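This briefing is intended to be read alongside the sequence and the coordinates.

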Amino acid sequence: MTLQLDARVPTGPLGDKWNKHRFEMKLVNPANKRKSTIIVVGSGLAGAAGAATMSELGYKVKCFCFQDSPRRAHSIAAQGGINAAKNYQNDGDSVYRLFYDTVKGGDFRSREANVYRLAEVSVNIIDQCVAQGVPFAREYGGLLANRSFGGAQVSRTFYARGQTGQQLLLGAYQALERQIERKGVTMYPRTEMLDLVVIDGKARGIVTRNLVTGAIESHVADAVVLASGGYGNVFFLSTNAQGSNATAIWRAYKRGAGFANPCYTQIHPTCIPVSGEYQSKLTLMSESLRNDGRVWVPKKQGDKRDPRQIPENERDYYLERKYPSFGNLAPRDIASRAAKEVCDEGRGVGDSGLGVYLDFGDAIKRVGADVIRERYGNLFEMYQRITNENPYEVPMLIYPAVHYTMGGLWVDYNLMSTIEGLHVTGEANFSDHGANRLGASALMQGLADGYFVIPNTVGDYLASNKPEKVDASHPEFKAAEEQVAQRTKKLLSIDGKRTVMSFHRELGKIMWDYCGMARNEAGLQKALGLVRALRGEYWRNVNVPGSDVELNQALEKAGRVADFLELGELMIIDALHRKESCGGHFREESQTADGEALRDDENFAYVAAWEYAGEGKPPILNKEPLVFENVKLSQRSYK
Amino acid sequence: MRFRLHVWRQSGPDQPGKMVQYEATDVSPDMSFLEMLDVVNQGLTERGEVPIAFDHDCREGICCSCSLMINGIAHGPMKGTATCQLHMRSFKDGATIYIEPWRARAFPVIKDLAVDRSALDRIVQAGGFITAPTGGAQDANSILVSKESVDAAMDAAQCIGCGACVAACPNASASLFTAAKITHLGLLPQGQPERYRRALSMVEQMDLESFGSCTLHGECQEACPKEISIDSITRMNRDFIRAGVWGTRPWHWLFGVRLRRSDQLPVRSPD
């Protein structure tokens with residue numbers, strides 16, 4: 001082990017850590033804040049919230065996104081809601097309960113102190129968002145409404161119809177635009193980070209490509225924040241946006257940042273099933289639907305009858321049967337595996353046999369179609385548009401799909417990676433969700449990191465480290481620019497026979513088949529060989545048309561897929577090494593008698609932070625032991 | 001299914017563009033419109049031609065990177081649907097389809113079907129927010145908002161900023177976009193202190209960006225993938241005029257050329 005994995009968790013009781021730490025952190029005086037430049041890569045919830053807040057504090061911020069506007073970051077697509085321990089429903093919620101649910105939901109593979117802080121600031125997030133004008137759903141009396149989500153027995157999820165992510169992002173985006181107008185933030189849309197520049201062990205800037213002109217540019221800063229999202233697109237078909245990519249975090253990894261738990265991927269149980277070869281993405285149907293929808297398959301194998309013709313006693317409501325206390329609101333990893341199990345038994349429905357029903361018949365009978373329309377109208381419309389079927393009349397057909405990645409760059413309590421001055425927020429880091437994220441917690445984490453954590457901890461870093469003055473003429477910047485330009489030229493010059501998309505699709509299939517919902521030693525070994533061979537072919541046979549001095553979407557994609565081909569291998573290596581099952585990582589060799597994930601706390605209660613060892617060399621495993629002082633480790637049960 | 005496509009090709013902002021004809025074959029009715037274009041692009045790449053550039057990202061109708069005038073209709077023939085959610089089953093097999101970028105002076109073409117919509121961001125910068133720096137907020141439930149108000153605010157807040165309203169408008173006006181934000185924030189108690197300043201600044205910026213004026217054709221609400229109503233434009237005009245009447249501007253200013261950014265000037269609230 002060569003990485004320093006000091007989590008820098010403050011001492012003292014769990015409930016006092018963050019407060020105490022805020023007092024102990026050093027402050028930067030307002031005059032000096034104006035002299036410090038902070039780079040933020042990504043403009044989703046974590047990025048926009050962080051950039052806006054740090055600008056409000058007085059720092060000079062440069063914010064980068066590859067989309068044409070920061071408002072288009074993929075946080076916008078989050079549907080169901082955001083958790084907060086407000087206990088407005090008086091149903092027994094508390095900061096501690098949210099903390100506990102999140103640690104347990106993550107199958108005891110997250111860091112206690114980070115999760116507690118997340119639960120603590122969750123209440124401030126709702127206040128902040130309401131002040132910005134986020135139109136959360138309300139009761140007739142004018143108070144905020146809540147709904148339930150998976151993995152919890154309380155109602156703590158705040159929502160704005162089925163577009164919560166959109167409304168939260170627009171709130172953060174508007175705060176960001178306000179700062180742009182005041183010249184506190186310089187925004188660089190249609191710009192992609194292609195390398196990180198580290199000088200004397202400290203992150204000092206990034207190299208970018210302007211996606212419209214192709215210009216390669218250096219940007220110098222005193223601290224860098226990566227808020228560039230997750231890497232679910234390794235699987236080609238996922239609920240991520242087409243542009244979502246791992247390039248920023250992957251380049252940081254290659255510059256020395258540890259990559260933690262890359263094999264932890266979340267497969268979301270309720271997505272619209274794949275319909276054909278040409279398909280470019282999968283669409284999520286919010287988990288909130290499981291509040292009213294009941295999941296079932298026929299009891300008989302190969303039952304091809306119209307679902308409406310199948311009588312009640314020939315249906316298997318398998319989630320309600322197996323997990324009576326959580327029922328249809330079992331956590332995502334468990335609900336996904338249960339769906340796979342019934343499909344493997346030959347009881348799956350739909351043309352491909354890879355689907356289960358999500359049925360609103362009972363709910364419509366109970367509360368009426370109008371109430372259901374009010375709760376989920378836009379989701380039902382979206383479903384109908386894609387599948388051409390009316391979910392008010394026919395049960396929805398759903399199947400699990402890749403949705404989120406819990407793994408990401410390793411960070412300490414201050415959200416700083418193993419490279420000094422390089423901070424990582426939101427889905428791009430690994431810190432809060434362990435091996436499985438609970439629904440409505442991604443929005444919470446993105447905003448907690450952006451609004452409340454990073455503005456404090458970056459200040460502490462700047463106050464404790466007086467970085468030397470450098471500019472873009474520094475040899476490290478020049479060398480990084482040169483490497484980026486070389487790589488771009490290389491991709492354009494291969495002039496092979498296969499399109500980037502065909503490689504991406506093949507990589508996705510390998511990952512889904514062998515490193516997806518269930519994994520085993522033999523399959524992972526096989527996948528390792530396949531991914532390496534595919535990467536070899538990629539650099540010999542990819543065809544990237546066009547030039548590097550214009551808008552060239554094929555070239556953008558080619559760079560991202562090249563990185564996915566490397567990251568995919570690391571995910572497989574991590575999945576191979578973690579011989580236990582936990583959360584979203586299910587090793588077939590490690591399961592209980594009734595087929596649930598079986599952890600091995602004695603040998604695997606640690607964070608695996610992988611370190612880049614150089615081209616062609618195997619990555620080095622570093623371990624951060626997970627210490628549980630407040631929560632008792634137990635077999636996770638939702639029965 | 002198969003289609004004959006006429007696609008606008010333009011290699012750069014200052015280059016002349018033209019319609020070019022392509023054949024799309026082996027199209028499945030379950031493909032989305034953008035997936036059909038993916039297939040066309042795959043073919044172009046394999047033949048060594050430059051693929052068609054078009055903006056797209058989430059492909060679930062919410063980020064609205066996607067645009068496209070399809071047979072002269074913004075986002076194509078299906079009402080309340082963004083291009084990425086439009087499926088080929090909405091077209092007749094063998095049909096001819098014309099695909100063009102958003103056309104407006106304020107949206108210059110970058111390449112082929114991709115346009116620069118940053119003017120919309122600048123309208124938001126001018127005042128499309130509630131000033132609430134992080135940290136100062138009171139408990140969320142201490143602000144009561146009636147369900148009716150929040151539902152109406154949400155109807156307007158759904159705007160995805162695609163620019164279809166501009167593309168559909170014969171005057172290339174961004175009134176629906178601007179009005180949707182003014183309505184969303186103006187309907188909430190939190191939005192009241194800046195309500196009139198916001199209306200002034202945003203409308204002024206809209207004019208500066210060389211969008212046209214609104215003459216209430218209503219094409220925008222027909223094209224809007226979120227079906228936002230032009231009632232919001234009435235609301236915007238009302239707020240704008242009230243701001244002018246009670247504010248420090250002379251009356252004729254409202255109807256004359258508006259040149260200066262209003263937020264440097266004090267605007268008195270009528271309430």
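Strand 1 of chain A, residues 37-41, is mostly covered, with 4 of its 5 residues buried. The model described here is a predicted one.

- Strand 1 of chain A runs parallel to strand 2 (residues 60-64) of chain A, and 5 bridges join the two.
- Within this pairing, the residue opposite A:Val40 in strand 2 of chain A is A:Cys63.
- Between strand 1 and strand 2 of chain A the chain passes through helix 3 (residues 45-57) of chain A, forming a β-α-β crossover that is right-handed.
- Strand 1 of chain A also pairs with strand 9 (residues 223-226) of chain A, in the parallel sense and over 4 bridges.
- In strand 9 of chain A, A:Val225 is the residue that stands opposite A:Val40.

**Chain B as a whole**

- Chain B contains 9 helices and 7 strands.
- The C-alpha trace of chain B spans about 65 × 40 × 35 Å along its principal axes.
- Of the 271 residues in chain B, 54% are buried.
- When contacts in chain B between residues at least 6 apart in sequence are considered, 70% join residues at least 24 apart.

**The contact between chains A and B**

- In total, 62 residues of chain A are in contact with 63 residues of chain B.
- At least two residues of the side of chain A that touches chain B come from each of helix 3, helix 5 (112-132), helix 6, helix 11 (369-387) and helix 16 (553-577) of chain A.
- Helix 6 of chain A gives the most to this side, namely 9 residues.
- By residue class, the side of chain A that touches chain B comprises 24 nonpolar, 24 polar and 14 charged residues.

**Helix 6 of chain A against helix 2 of chain B**

- Helix 6 (residues 164-181) of chain A packs against helix 2 (residues 118-125) of chain B at an angle of about 85°, and their axes are 8 Å apart.
- The two helices are therefore roughly perpendicular.
- Helix 6 of chain A contributes A:Gln174, A:Glu177, A:Arg178, A:Ile180 and A:Glu181 to the contact, while helix 2 of chain B contributes B:Asp121, B:Val124 and B:Gln125.
- The residues of this helix-helix contact divide into 4 charged, 2 polar and 2 nonpolar.

How values were computed
Residues are numbered from 1 along each chain as its sequence is written. Chains are lettered from A and ligands numbered from 1 in the order in which they are written. This is a predicted model: local features need pLDDT of at least 70, side-chain atom pairs count only at pLDDT 80 or more; totals for chains, interfaces and linings use all residues. Axes are lines fitted to C-alpha atoms, for helices over the stretch in contact, and angles run from 0 to 180 degrees between N-to-C directions. Angles under 35 degrees count as roughly parallel, over 145 as roughly antiparallel, 65 to 115 as roughly perpendicular and the rest as oblique. Two residues are in contact if their C-beta atoms, placed from the backbone, lie within 7 Å. Ala, Val, Leu, Ile, Met, Phe, Trp, Tyr, Cys and Pro count as nonpolar, Asp, Glu, Lys and Arg as charged, and the others, Gly among them, as polar. A residue is buried if 20 or more other C-beta atoms lie within 10 Å of its own, exposed if 12 or fewer, and partly exposed in between; C-beta atoms are placed from the backbone. Two strands pair if DSSP finds at least two bridges between them. A crossover is right-handed if, with the strands pointing away from the viewer, the path from the first strand over the helix to the second runs clockwise.
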